[in-house]
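Let me put the structure up before I write anything down.

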Amino acid sequence: MSDHASHKGDGPEVYFQYEDIDQQQESYVVGMWSFLATEVMFFGALFLIYTLYRWKFHDTFFGAHEQLNWKMGGVNTAVLLLSSVFVAFAVHFAQMGKMKIVNLFLAGTLLCAGGFLVIKTFEYGAKFDHHLFPNHSFSYADPEHHESKSFWDEKLPSVLQMEKHEQEGDPKNARLFFSIYFTMTGLHGLHVVIGIIAISSLMILIKIKSSLITDYVPVELVGLYWHFVDLVWIFLYPLFYLIPR
Amino acid sequence: MGWGPFQFNIMPEPASKHAPYYDALFMAITGLAALFTIMVVAMIIFFASKYRRGTKVDRKNILTHHTGLELIWMGVPLVLAFLMFGWSTKNYMSVRTMPKDAVEIFCIGKQWMWHFQHMNGVRENNELHVVVGKPVKITMISQDVIHSLYLPEMRAQYMVVPGRYTELAFTPTKPGRYKILCAMHCGTQHSEMVGQLYVMNPTEYAEWVDKGGNKYKEKPLTIQEAGAQIYNEKGCANCHTGVDNPRAPTLNGIFGKSRRFADGTTAVADREYLREAIKMPHKKLTAGWENTMPVYGGTLTELQVLQLAEYIKTLTPGKGDFERQDMKRSTPGSSGDSSPVDVANKGGSAGNAQFRTSEGRR
Amino acid sequence: MAEHGHDHSEHTKGGAHLHHVLPQRMIFMVAGALFALMVLTIWAAFWFPVESLKENTFFMQVLALTIAVVKASLVIYYYMGVKFGTRLIKIFAYGGFVWFFTLFIMMIDYTTRPMEPVPGWEKQSSSALPRDTVENPE
Amino acid sequence: MSSTIIEQGTVEKPHSEKNYLNADHTLKSWLLTVDHKRIGILYLISVTFFFFIGAIAAAMIRYELTSPKGILLSSEVYNKTFSAHGIYMVFQFLVVAIPAVLGNFLIPIMIGARDMAFPRLNLLSWYMFITGGALISLSFILGGVDAGWTFYVPLSTLSENQISLCLVGIFITGFSSIFTAVNFVATIHKMRAPGMTWYRLPLFIWSHYATAIVVLLGTPVVAITLFLVVVERGFGFGIFSPELGGDPVLFQHLFWFYSHPAVYIMILPAFGIISEVITCFSRRPIFGYRFIAYSSLAIAFLGFAVWGHHMFISSQSAFQGIVFSIITWVLAIPSAIKMFNWATTMYKGSVHFSTPMLYALGFMGLFLIGGLTGLHLASIDTDIHVTGTYFIVAHFHYVMVGGTILGYLGGIHFWFPKMFGRTYSEFWGRLSAMIVFVGFNLTFFPQFMVGYLGMPRRYHYYYFAPEWQIYHILSTAGSSVLGLGFLMPGIYLTYAIFKGKKAGANPWGAKGLEWEKCASPPVTENFSEPVIVTGSIYDYNPEEDSKLYENEDDSMLSGRGGL
């Protein structure tokens, strides 16, 4: 690309296909937003499936949701919100042109994202140990499996440990619940991983002062993406962890 | 059937009550489509030849837009569209309304076979015998994948879905042999999932029923009898006795009644509910009882569930479709007039005492 | 190339940069609101004071979702910069979320399946009994 | 002829021999190009390849059906063949063909931009498209897919063949078209040349904009739906499994939520091409520009609310069926608007039957039939009997082949001189357009009749109804003619790329930035001078044009064309 690009003075680089920096910056933001509209529909279909089955099998969903650890979900919500705040600051400083501080906040975001994934691993690990992952070894309403404390439960600080709930409801519909739970949180987790890759590459590019980063737009785009990941979780948390009876 | 080898038919034989109405609407829409096609094609040909490059015609004052014209060719088709929509929806409602006095037949779709079960116990594979002039209602469910029961000469089609009952109704009007097809791709031998629909005169049909269908040397169990057999084999009666007891509620008279469940909701005990209650009893616990009933989802086939439900239906006094005919059950053989349809329609009756009495299912 | 002009509806006047920097004070305020709302939603789920409403699944769900929508709106509006975006960005930002609801046309199917829009269109001709002839098993 | 699109400098520059084609000749320069024109050519080659795979499958299906007993293929192979036909044609050809080839090539030129907004993303989408196609092909090499392109559950979750791999391929192809659409949206919104207001945009751009919106809002839904089938096959998640209380009909809802709008993804770009071609060869401004432009958007948005008409008999609630039926009837109106406007455009024009115009006229006739037989399927009652039969096969082939592919071929022939700087033989062009038209009708019209008689689709024989054979033989005969009609452009266009006569910048005498301001083939930066648009669009003058040709023999096959 760089051979096509033309520098104009000291300002940010304008790629050859654009007339000026305004056009370029807004193009990128519009492109990102239209991609986010796609992402909304991507998760939207899953939210629709959730709504439908929740409406059909409300009681089982309530029973099954008690197997989820709302405390850890809450911590994860806090962690993600915090990361969003960091990203907001990163964009703020990128717009002011202070790229060093941007990297600091991006590192904070990475830390939060990593924390999110670690907590998620604990949650998923416990589900696997209790045979709640809906594969061939799925077993629900089986006291044997949920009485025993798994490796992942014991490693948790006591504040975050949950009292055991009886596994209520129809095992088959509960399996449906866990299918949707793992699909939605799993895809969200995948988005977090993509976000981590994006943020770390952005940090490296900023660090080496790459010619790709000449203005705030790359930070803003990654920020938009990260905020979207946060948005999804804002809805996932009450819908999976806080189902009212 | 009248299929000549070199005959060019434009439509399958209209052999049901709905078919002429269907064809009328179809031809009306076709006519409308033809009208518009001819109109636009005529416009194109006329303009294209008259205003061909080099012809000496008036090309001054070109019109580039004309809102009135646009409104006309939006408005006229729109009005026509609404008219046709009204017509087709009226037709649709009449064909999807299940007739009350229909002959009940059950259909199970599986890869790659149609399985039919009559009320009188006759079971057929890839064949279906019905009486001319009597409405037929087919209640369908699939064992594996989605199929679609398609009767072209009846202009009837509906999908056969796993996990849920669907219904299809038609009234055959011409005796003859027609096609039964599966119109939803269902796997390797999808194109072999075909059968014959025999529409018979009442007398022929009575003979056929009397022989117990094609395949049976002796008369088969009626659907209710088969259900009763399962009921006894599986030991349902050990808990579901004639009266409510601590182990289980009675099933006498539950069909069509509202049930109240442990979670406070209510539902009418229809066939769909019974299927769920047999296959997944823990899902809706009747208020007052514990979750003690075993799950029969894996042990009973869809056909057996249907038979059981029909048997449980007979435990209801005075309700249901055929029970109206049949509920004078205390006296065997007193089932009133014995037109062949009733023979098909009427099953055996409740109560073990009457099983296998020939009078009960003449 | 200074005299270029785009479509008037989208063109931002003057040579000003498109972005408007979100002030730090605002970031802090929104962050505070977000955390407060997060605590609120957990509090409402477990320690909601009004017992009669706590029993009401629908109300509690609507409450939780309302809080989530408020949180999401804060993020979209401030952090994602829609507040300072051009009209075009606003359209795309809201369009996606609005269009999401077309998916819910599907729910018409599931909510009307038990209904009988046509007279005599019963699932079972014998199941259309009036509800008041309920026999309780008790 | 006075052009009102003001240009600074001359149109016909003295041939500076540098253009996007000969700028660099290495393979690397093609595979790593970010030039939208080169990417368009890459797409042209790849979709042609996938088209011929799909066409071979189609030929096998047709020859199989000549006999009621099915002599050529076994059931299993037949199922895999029609699945391959559907999957390649829909996901690897129809959805991408026009936007990715002509859209990529023309959108920046038509709006006066130097390239797409995101050139590297554009290249990435091509690689994703190729990866998706490779995975789909791999799935067919490793054993095939027999669930049809619709992948209805539970068949697709129970079936034991390479469905997961194929679905992953489709997923990746889906994201490729999403990225293309993101590019289109940003480009059309932000990259227009000064003075290129919305109402000066060619209708080609309008229809591609509508298409991009549909892709953005629809494709992710089918992506996630197919993903759920993959996890259901992989882990037994069972979101659609009736065994677990899931609903298989939900899959159909989600699938058609995309796949009905996908029909508009396929046909809307063709509408754009037809608007351009009809206008150019009628030599007059298009009639009802705004109505055509907004009807594209109306189709795009209304198209999202009609998916249920694929499911009238699928046990969805009758109430919802009726709602979908009426919206579908209403949706017929925007297409009718376009049709009437195109026909009226020829009024007082100076009509010339060059190859693209023949394709466009063929398109109008075939799309009319295809669209109007859609009414039988919109009507909730008549749909019952013909859904799932050859009637529906004929209907959507009239729309997809008669609409999209004829539009695509018309567009390729129209912009061929621009893309390669050379002209093809007008005689062969017109001949093949007519062969395609005749062959197409012969192939698919009998299918309407056999469908009404009750021949279900996806049957690999019909031993129970040998009287249907005559229709199938007619159809197969037609398909041979059609195949010839598709092969011929492949040959003479390939010949013309290397040996054709050199074309000027504007061989058709057409209006629009791509003809008036841009060399043939274009230089890498598209325009050698900055573009400013001041005049209105489609500013033709039929009277002057016609006078030029008053004494010329202009018969259909004279082979002189507009060149």
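Below are my notes, entry by entry.

**Ground rules.** This is a predicted model, where local features need pLDDT of at least 70 and side-chain atom pairs count only at pLDDT 80 or more, while totals for chains, interfaces and linings use all residues. Residues are numbered from 1 along each chain as its sequence is written, and chains are lettered from A and ligands numbered from 1 in the order in which they are written.

**Entry 1: the open sheet in chain B.** I looked up the strand order and got S4-S10-S9-S6-S7 in chain B, an open sheet of 5 strands with mixed pairing. Helices (H or I, at least four residues) and strands (E, at least two) are DSSP runs, numbered from the N terminus; two strands pair if DSSP finds at least two bridges between them. At the edges I find S4(B), 127-131, and S7(B), 156-160, each pairing on one side only. From one strand to the next the twist averages 20 degrees. Helix H3(B), residues 202-210, packs on this sheet and touches S4 and S10 of chain B; its direction makes about 130 degrees with that of S4(B). For such angles, axes are lines fitted to C-alpha atoms, for helices over the stretch in contact, and angles run from 0 to 180 degrees between N-to-C directions.

Entry 2: S9(B) (176-182) and S10(B) (195-200) run antiparallel, joined by 5 bridges. I noted Arg177(B) opposite Tyr198(B) there. S6(B) pairs with S7(B) in the antiparallel sense over 5 bridges, with Leu151(B) opposite Ala156(B). Their hairpin has 4 residues between the strands, and Arg155(B) takes a positive phi near 55 degrees in it. S6(B) also pairs with S9(B), antiparallel over 2 bridges, where Leu149(B) has Cys182(B) as its bridge partner.

**Entry 3: is S6(B) buried or exposed?** I count 5 of its 5 residues as buried, so S6(B) is largely enclosed by the rest of the structure. (Buried means 20 or more other C-beta atoms within 10 Å of a residue's own, exposed means 12 or fewer, and partly exposed is in between, with C-beta atoms placed from the backbone.) In a regular strand the side chains alternate between the two faces of the sheet. Here His147(B), Leu149(B) and Leu151(B) are on one side, Ser148(B) and Tyr150(B) on the other, and all are buried.

Entry 4: S1(B) (103-110) and S2(B) (113-118) pair antiparallel over 6 bridges, and the hairpin joins them through 2 residues. S2(B) then pairs with S3(B) (123-125), antiparallel over 3 bridges.

**Entry 5: what touches chain D?** Chain B puts 72 residues into its contact with chain D, which gives 80; residues are in contact if their C-beta atoms, placed from the backbone, lie within 7 Å. H2(B) gives the most to the chain B side, with 14 residues.

**Entry 6: a helix in chain D.** H11(D), residues 318-345, is mostly covered, with 23 of its 28 residues buried. I checked its length too: at 1.5 Å times one less than its number of residues, the span should be 40 Å, and the end C-alpha atoms are 42 Å apart, which agrees.

Key. Two residues are in contact if their C-beta atoms, placed from the backbone, lie within 7 Å.
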